[in-house]
Amino acid sequence: MRVIKYLMIGAFMMGFAVPTIAQNDDKATIDQVNKIIKAKAPDAANQIKEIYKKNKKNPVVLTAIGRAYLDVKDTANASKYVQFAMEKSKQYGPAYILAGDIEVIKDNGGAASAWYEQATYFDPKNPEGYRKYAQINSKTSPSASVAKLEELRRQRPDYPVDVISAQIYDKAGNIKKAIEYYAKVDKNQMEDADLVSYSLDHFLLGEFDKSLELSQFGNQKFPRNPALNRLSFFNLTNLKRYPEALTYADKLFNQSDSTKITESDYLYYGYAYLGNKEYQKAIDMFNQSLANNGGNANDKSDALKNIATAYSELGDIDKAADTFDQYLKSLETINATDYNELARMWMDQAEKSTGPAQKDAYAKADAVYADMAEKFPSAADFATYNRAHIGFALDPETKLGTAKPHYEKLIEIIKGHTEKGDYDDNRLVEAYQYLGYFYTLKKDAAKANTYWNAILEIDPENATAKAALGKK
């Protein structure tokens, strides 16, 4: 099961609306300005000009005019009115913030940063300047961003500086540092988006227990939040608590607000059903994941592999093998482990079968291991060792010697190793013992004794070999 890293932490560069700091008697004027500029009436410029004449000494209204123009991406007029506002009041912080926002729209981060810093100088109690400065510098210098927020903490101890610091480090990709700051905040004071980010950070680090604790805390406060339901669903699946995971899957799919279901959601639904041994439902969900896959090759391969596993568990080996073949074809690079998984499917089927069906399953497994040995020389000893076991399973009384050629090949491969592996001696002893027994049954004492003595060279106290040679 893969950990899917697709949940969005949430972009926040331009995601916060900047409130216009206005007196009550300015509100009607500002509302009128916004309405005129958004309507784009032919005489809009003249109407704004008349409002300007009446308010040319009011930085609040002048800044609001600039903000309204920026909202419709008219940076020229926005710049003109912010300049008017600054000329009338050098201490009006929102004007400097607006100037910074204009530079952001123009993709001029350095100039934006300078304006935001001036806002903190002229209006030190206004958190917007600090926050904007921190955000614009979050990628290039997250430490400087957080240092600026520490200045805000001194000015406004009541402001949630630690949450914003965590967001800054999230944006910079420093998840551990983000968690450090989230941990300083009372969870009860967090918004749903902050709980999502905090939980997600632990999820991305593979700390599913911690992530689950946070997501389920959020579930209590925000039961219809899709991201929190998704996190609880994914965490419980990764923790193999499948019945609970399925409960949260239902919450995500059917009891959340504005849920956008993705192919990864179907993939995790399949994982949960597979873990809960509801194999047909797992297959259905994995197929839904494939149907909604927009080109994610890894998820496609993962779904196919798990469909094959589910069919194998249902005992439908033909569909399992066919789907596993599709899985292999979906991979850019195939490794020996993939071949072993296919062989194990046939081996499991053989163990469940009898008679001709069992022999056929063993033959299919043997063919996969033969192919594996040819394609992956470094795994030839492993593949040959398993072929020997298949041979023995087909001839447990060693009458036909079905395993003999494979054990002989295994000895040849291991003796060709330049360095001994952890299992080499054990496998050699097993091979020598089989061949010693085989030749003993054939009444060829000379050959049998060659193998029994070979065992004693590796394991001088081997009881089976000593007994075969008549040694005490």
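Predicted model: local features only at pLDDT ≥ 70, side-chain atom pairs only at ≥ 80, totals over all residues.
Residues are numbered from 1 along each chain as its sequence is written, and side-chain values use heavy atoms, with hydrogens and water left out.

**Exercise 1. Find the annotated repeats and describe their make-up.**

Step 1: Look at residues 263-296. Their end C-alpha atoms lie 9 Å apart, and the span is 76% helix and 0% strand. Here helices (H or I, at least four residues) and strands (E, at least two) are DSSP runs, numbered from the N terminus.

Step 2: Turn to residues 429-462. This span is 79% helix and 0% strand, with its end C-alpha atoms 9 Å apart.

**Exercise 2. Work out how α11 and α12 are arranged.**

Step 1: Take the angle. Helix α11 (residues 192-204) packs with helix α12 (residues 208-221) at about 165°, their axes being 7 Å apart. Axes are lines fitted to C-alpha atoms, for helices over the stretch in contact, and angles run from 0 to 180 degrees between N-to-C directions.

Step 2: Name the arrangement. The two helices α11 and α12 are therefore roughly antiparallel, a label for angles over 145 degrees, with under 35 counting as roughly parallel, 65 to 115 as roughly perpendicular and the rest as oblique.

Step 3: The crossing of α11 past α12 is left-handed, meaning that the near helix is turned anticlockwise from the far one by less than a right angle.

Step 4: Sort the contact (heavy atoms within 4.5 Å). Among its residues are L195 and F203 of α11 and F208 and L214 of α12. The contact holds 7 nonpolar, 5 polar and 1 charged. Ala, Val, Leu, Ile, Met, Phe, Trp, Tyr, Cys and Pro count as nonpolar, Asp, Glu, Lys and Arg as charged, and the others, Gly among them, as polar.

**Exercise 3. Describe the crossing of α21 and α23.**

Step 1: Helix α21 (residues 380-394) and helix α23 (residues 424-441) have axes that come within 12 Å and cross at roughly 30°.

Step 2: This crossing of α21 and α23 is left-handed.

Step 3: D381, F382, Y385, H389 and F392 of α21 touch D424, R427, E430 and Y434 of α23. By class, that gives 4 nonpolar, 1 polar and 4 charged residues.
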